[in-house]
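Welcome! Take it one topic at a time, and find each element on screen as you go.

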Amino acid sequence: MSNAPADLRYTKSHEWLRSLADGTVEIGITDHAQHTLGDLVFVEVPQAGRKVQAGEACAVVESVKAAADVYAPLAGEITAGNERLATQPETVNAQPYGAGWLMRLRPAPGALEAAQLLSPADYEKVLAAEES
Amino acid sequence: MAFIPHTAADVAAMLAAIGVERIEDLFDEIPPKLRVKSLSGVPEALNEMEIGRLMSARARADGTALSFIGAGAYEHHIPAAVWAITTRGEFYSAYTPYQAEASQGTLQLLYEFQTMIARLAGMEVANASLYDGGSASAEAALMAVRAHRRSKSARILVPTTLHPHYRQVAVATASNQGLKFEELPYCTAEGVIPAASLGRYEGEDITALVIQQPNFFGRLEDVDALTDWAHAHGVLVIAVVNPTSLALLKPPGEWGARGADIAVGEGQPLGVPLSGGGPYFGFMTTRMEYVRQMPGRIVGRTLDAAGREGFTLTLQAREQHIRRAKATSNICTNQGLLVTAATIYLSLMGPQGLARTAAASHARTRELTAALTRVPGVRPVFTGPCFHEVVLQLDRPVAPVLEALSERGIVGGLELSRYYPELGHAVLVCATETKTSGDIERYRSTLAEVLQPARAGRAARTAREVRNA
């Protein structure tokens, strides 16, 4: 049984997005993603000011058994990387939807509308399809 | 059990399964003009006895000349115990094992190698080796581009005082991956990179600066000034160093205010014989901050479930079997046997033994320089300190002189005109602790004799002309 909060949107590659009051979006990896990776030992987050394209690899999460890229779900400019993860990567395992966020991004004009994001229900379907 | 991966029946079954008639059909997509039908120029196979005879004959042709050539590969005394231990069955493999943790002895040895190399370089972490000094330099450039979080240019400043082969290997390895290597000219009076010459890059996006110490000419670069300039301008520093020299010289980890970011080099001087050009091994060290960008394998020390000390491959998520296309490099094995020899060499020599080797090499090179520059027509090219190599200028083309020396059993050095035509009749010579004062005197007197006939000939002609007048 997975855990996909109702107030977030998702991608097929297991990232989540939260719209913040200042117009930026917060991005992290889902509970399913952190569970599949296992205990994280290293997280590399992008630096503020970097411009990214939709689908561009911009962060790395590394566990004891695997390393995976995290892709920007939409185009824009990074406004913050979660520096806490440099010393406490396990935060992503403990609180994937909270303190374990990876980066914040200011969407390029129209990028949010153009992005192919999933509702919690649709993301659950993706997970169900992957498991079957 | 016979190790036959697939029988004719297996092959037929596999082809049938994928609907292909012949194995050749799998290569359809390679255009015919790119295919090689037969290997012309490759001789017929030889049996073991024949190849043994051929190789013995080749080895005899090489002879056992008195060698004063360095240029990246150095003749040092190797204690007999080094290869006696290295070739024991327990160690005798070129590979890090596939089930690495089953071979605790091999892993412990690699761990000790990493520790020794990291301490020698004054750096925080070393990997378990790379192929050679040239490929290590190329890997260091690629690593610097990955590690630099702000630089986007992938521009690498490469002094022409870096070994010409290393420069070629770096360009061949990395330029198709978007790296741009830009050559820094040296000062023709001193044979080093003037730190002031870096001023023209002020304000530009440069990813890394390579500094070889001692440089290809044997000269000592002003590593502190070069390193500090680089760091003040957001440029990473790649040190290319001779491991023997580190017993005496300031290690790259202490260059300038912050130390080099990556230090690599050719490991051959540490117990590996010259043996016709290889195999050698490369080493690489860096700061912990950049360890995840380092290529190659890394052995770590840990505790097992029962609390006993053990060794294990670590940080494998950088490597290709996990990270696949985005791995830090495709290096999965290394020059394990040569690393074994180097570790045993270093443990036998100890810090003092290595320092004495380095000091003796330096002293012999000074003695050689003094002796050879007494020969009329020979002068040093650069002023300033050197380690164990020096560039000399002759009053005539170098190649015939080296040939005449070779006929007299002396390998006199490397002719530089192929790499540095601007230096004229220049030759790079080297002496290590293996050369005695007698050897140096033999080189001096033979060189004097070789250079003499032309002078004598000129003198005789002049006398004849005087008589005929």
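This is a predicted model: local features need pLDDT of at least 70, side-chain atom pairs count only at pLDDT 80 or more; totals for chains, interfaces and linings use all residues.

**Chain B as a whole**

- Chain B contains 11 helices and 15 strands.
- Its C-alpha atoms fill a box of roughly 95 × 60 × 50 Å along the principal axes.
- Chain B has 469 residues, and 42% of them count as buried.
- Among contacts in chain B with a separation of 6 or more, 76% are between residues 24 or more positions apart.

- L179(B) sits in the loop between α6 and β4 of chain B.
- Is L179(B) buried or exposed? L179(B) counts as buried because it has 21 C-beta neighbours inside 10 Å, and the cut-off for buried is 20 or more.
- Setting aside neighbours within four places in sequence, L179(B) is in contact with A141(B), L142(B), V145(B), A154(B), I156(B) and A174(B).
- A45(B) is 134 residues from L179(B) in sequence, and their C-alpha atoms are 41 Å apart in space.

**The seven-stranded sheet of chain B**

- Seven strands of chain B make an open sheet with mixed pairing, in the order β2-β8-β7-β6-β5-β3-β4.
- β2 (125–126) and β4 of chain B stand at the edges with a single partner strand each, so one side of each has no neighbour in the sheet.
- Inside this order, β7 (residues 262–266) and β8 (residues 282–286) of chain B run antiparallel and are joined by five bridges.
- To see this pairing on screen, find I262(B), which stands opposite T286(B) in β8(B).
- Helix α7 (residues 223–232) of chain B lies across β5 (208–213) and β6 of chain B, and runs at about 170 degrees to β5(B).

**The four-stranded sheet of chain B**

- Another open sheet has four strands of chain B in the order β11-β12-β15-β14, with antiparallel pairing.
- Its edge strands are β11 (378–380) and β14 (414–415) of chain B, each of which pairs on one side only.
- Two bridges link β14(B) with β15 (residues 426–430) of chain B in the antiparallel sense, and E415(B) has V427(B) in β15(B) as its bridge partner.
- Helix α9 (residues 336–372) of chain B packs on this sheet, touching β11, β12 (389–394) and β15 of chain B. The direction of α9(B) makes about 10 degrees with that of β12(B).

**A loop residue in chain B**

- T188(B) belongs to the loop between β4 and β5 of chain B.
- T188(B) is exposed, with 11 other C-beta atoms within 10 Å.
- T188(B) and E422(B) are 234 residues apart in sequence, yet 9.0 Å apart in space from C-alpha to C-alpha.

**Over to chain A**

- Strand β6 (residues 57–63) of chain A is mostly covered, with five of its seven residues buried.
- β6(A) runs antiparallel to β4 (residues 40–44) of chain A, and four bridges join them. Here E44(A) stands opposite V60(A) in β6(A).
- β6(A) also runs antiparallel to β7 (residues 67–71) of chain A, with five bridges between them. A59(A) has V70(A) in β7(A) as its bridge partner.
- How many residues lie between β6(A) and β7(A) in their hairpin? There are three.
- Helix α5 (residues 120–131) of chain A is hardly covered: one of its 12 residues is buried.
- From first C-alpha to last, α5(A) reaches 17 Å, close to the 16 Å expected at 1.5 Å a residue.

**Where the chains touch**

- The contact takes six residues from chain A and six residues from chain B.
- On the chain A side, three of these residues are nonpolar, one is polar and two are charged.

Terms used
Residues are numbered from 1 along each chain as its sequence is written. Chains are lettered from A and ligands numbered from 1 in the order in which they are written. Two residues are in contact if their C-beta atoms, placed from the backbone, lie within 7 Å. Ala, Val, Leu, Ile, Met, Phe, Trp, Tyr, Cys and Pro count as nonpolar, Asp, Glu, Lys and Arg as charged, and the others, Gly among them, as polar. Two strands pair if DSSP finds at least two bridges between them. The expected span of a helix is 1.5 Å times one less than its number of residues. Axes are lines fitted to C-alpha atoms, for helices over the stretch in contact, and angles run from 0 to 180 degrees between N-to-C directions.
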